[in-house]
Amino acid sequence: MEFSWLETRWARPFYLAFVFCLALGLLQTIKLYLRRQRLLRDLRAFPTPPTHWFLGHQKFIQDDNMEKLEEIIEKYPRAFPFWIGPFQAFFYIYDPDYAKTFLSRTDPKSQYLQKFLPPLIGKGLLALDGPKWFQHRCLLTPGFHFNILKAYIEVMAHSVKTMLDKWEKICSTQDTSLEVYEHINLMSLDIIMKCAFSKETNCQTNSTHDPYVKAIFELSKIIFHRLYSFLYHSDIIFKLSPQGYRFQKLSRVLNQYTDAIIQERKKSLQAGVKQNNTQKRKYQDFLDIVLSAKDENGSSFSDTDVHSEVSMFLLGGHDSLAASISWILYCLALNPEHQERCREEVRGILGDGCSITWDQLDEMSYTTMCIKETCRLIPAVPSIFRDLSKPLTFPDGCTLPAGITVVLSIWGLHHNPAVWKNPKVFDPLRFSQENSDQRHPYAYLPFSAGSRNCIGQQFAMVQLKVTIALILLHFRVTPDPTRPPTFSSHFILKPKNGMYLQLKKLSEC
Ligand code: HEM
């Protein structure tokens, strides 16, 4: 009798909707509960650091706390489950044998990255899997041919000199503190624009490119926070949040920038400029390769494919490099004796640095060791993610079931005291031929390894050497004790509030 109102015509649909939502909520709760139980069972064999029942281990990631990670690695020398809230866990590994087993498989990229990363890198090579990844990788590999890289050296040196000219105007022969990361970022963007897209943007002197560079920084930060905040894994909650709103806005900035590059080339191709341009360059640039690529059926890359690859190259080609160059300078600033030795070596090989050749870069053995040691100490890409498509058994017999997200912590691997003696010490001689030969082949992986290693590795090494050599010829760098850099580990390990260094112009070079 009391519930007779339910029988009225208007109340019935509400009642049904309420029961439906309740049932859905209950089902979801059961699903989450079962998921937690399954994860607890699957990860039982692996001890984990103390965790908050609701937040899991989120706190230390959000604080960019790399030292905390080092403490954990000392206590748990191979791997540990990392809880993101109560219902999700990533499995962190940082042991060379574990890394070898993991990288010799072809597990797909993590679904979280697939879901969250597209505004940054599209569905390009970095995010693709299976036959489509293979097809794109084969098509893009010729863009990194040795002869093409050789031709880039001059372009790179020119862009570095533009940056040094700017520094010379700012700095005198006295120590001058300068935020160098922004300059280096624009210089790297300048290089990738010229090398991959044959586009002269003058972005180092023309501030209209700043919004793109800043959008990348902020967008990476938002995506990273989303990855490690399980509430934001829900599209609805994320879209309704202030971060979700900002995310949409920044994605538009990136897309417009990429579109402008593609449209400009398409227009010039239509206008028949292609022949002249390619003849002038003597090689196909990356954009030529993507626009002329055909699949096995003879069809061209779709507009989305082109857009994705261009976004990925723009980002991959400058962001990680800018971070690496800044960290190398920082390590050399902290270690003046190594800096001086590199400078002596570079002077001996390049003289005044008017021109640089491939063979000269090969001769810079000490500088290369310093570059490698920085990439060990501060790897620009600190971790890589995969979802296991089938069970994985490590060499010690420990097994993970399919479906678990495994994170290879490159930072963890490079700081693992079981692998590296005094891992916090900057010691370039770790990379002498003799010491390298004795090391586990999977102990040092700044560019990953296996079939999905970094396609831009050689390009990156060339740019790192050219940039560092030219900077050292013209400037002495020392740390600015008032503003030490901190880490911002948003996929790429960057200096959070910039990189302040004291620069002193060298009178003779
Ligand atoms: C210091 C600079 C760089 C570092 C430390 C670095 C590091 C890495 C790492 C660790 C991966 C593996 C990612 C994963 O498996 O999830 C990777 C992949 C990749 N990198 Fe780099 N990279 C650098 C520069 C570059 C440059 C300059 C380019 C392009 C011009 C580039 C393009 C790519 C691409 C396309 C992939 C995906 C390859 C594939 O999945 O087949 N990277 N990089």
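Helices (H or I, at least four residues) and strands (E, at least two) are DSSP runs, numbered from the N terminus. This is a predicted model, in which local features need pLDDT of at least 70, side-chain atom pairs count only at pLDDT 80 or more, and totals for chains, interfaces and linings use all residues. Residues are numbered from 1 along each chain as its sequence is written, and side-chain values use heavy atoms, with hydrogens and water left out. Helix H15 supplies the largest share of the shell around the ligand, seven residues.

**The ligand and its shell**

- The ligand has 27 residues around it, and those that come nearest are Trp 133, Arg 137, Arg 386, Arg 452 and Cys 454. A residue counts as near if one of its heavy atoms lies within 4 Å of the molecule.
- At least two residues of the shell come from each of helix H7 (130-140), H15, strand S4 (383-387) and H21.
- By class, the shell holds 16 nonpolar, seven polar and four charged residues. Ala, Val, Leu, Ile, Met, Phe, Trp, Tyr, Cys and Pro count as nonpolar, Asp, Glu, Lys and Arg as charged, and the others, Gly among them, as polar.
- The side chain of Trp 133 has an N or O atom 2.7 Å from an oxygen atom of the ligand.
- For Arg 137, a side-chain N or O atom is also 2.7 Å from a ligand oxygen atom.
- For Arg 452, the distance from a side-chain N or O atom to an oxygen atom of the ligand is 2.9 Å.

**H15 and H21**

- The axes of H15 (residues 303-334) and H21 (residues 457-474) come within 10 Å and cross at roughly 40 degrees. Axes are lines fitted to C-alpha atoms, for helices over the stretch in contact, and angles run from 0 to 180 degrees between N-to-C directions.
- H15 and H21 are therefore oblique to each other; angles under 35 degrees count as roughly parallel, over 145 as roughly antiparallel, 65 to 115 as roughly perpendicular and the rest as oblique.
- Residues of H15 that meet H21 include Gly 317, Leu 321 and Ser 324, and their partners in H21 include Phe 459, Ala 460 and Gln 463. Contact means heavy atoms within 4.5 Å.
- This contact of H15 with H21 has 11 nonpolar, four polar and no charged residues.

**H7 and H15**

- H7 packs against H15 at an angle of about 65 degrees, and the two axes are 13 Å apart.
- Lys 132, His 136 and Leu 140 of H7 make the contact with Asp 305, Glu 309 and Phe 313 of H15.
- The contact of H7 with H15 has two nonpolar, one polar and three charged residues.

**H10 and H12**

- Helix H10 (residues 210-227) and helix H12 (residues 242-270) have axes that come within 9 Å and cross at roughly 140 degrees.
- H10 and H12 are therefore oblique to each other.
- Among the residues in contact are Pro 211 and Tyr 212 in H10, and Gln 243 and Arg 246 in H12.

Notes
A polar contact is a pair of N or O atoms within 3.5 Å; within protein, one must be able to donate a hydrogen and the other to accept it, and residues adjacent in sequence count only if both atoms are side-chain atoms.
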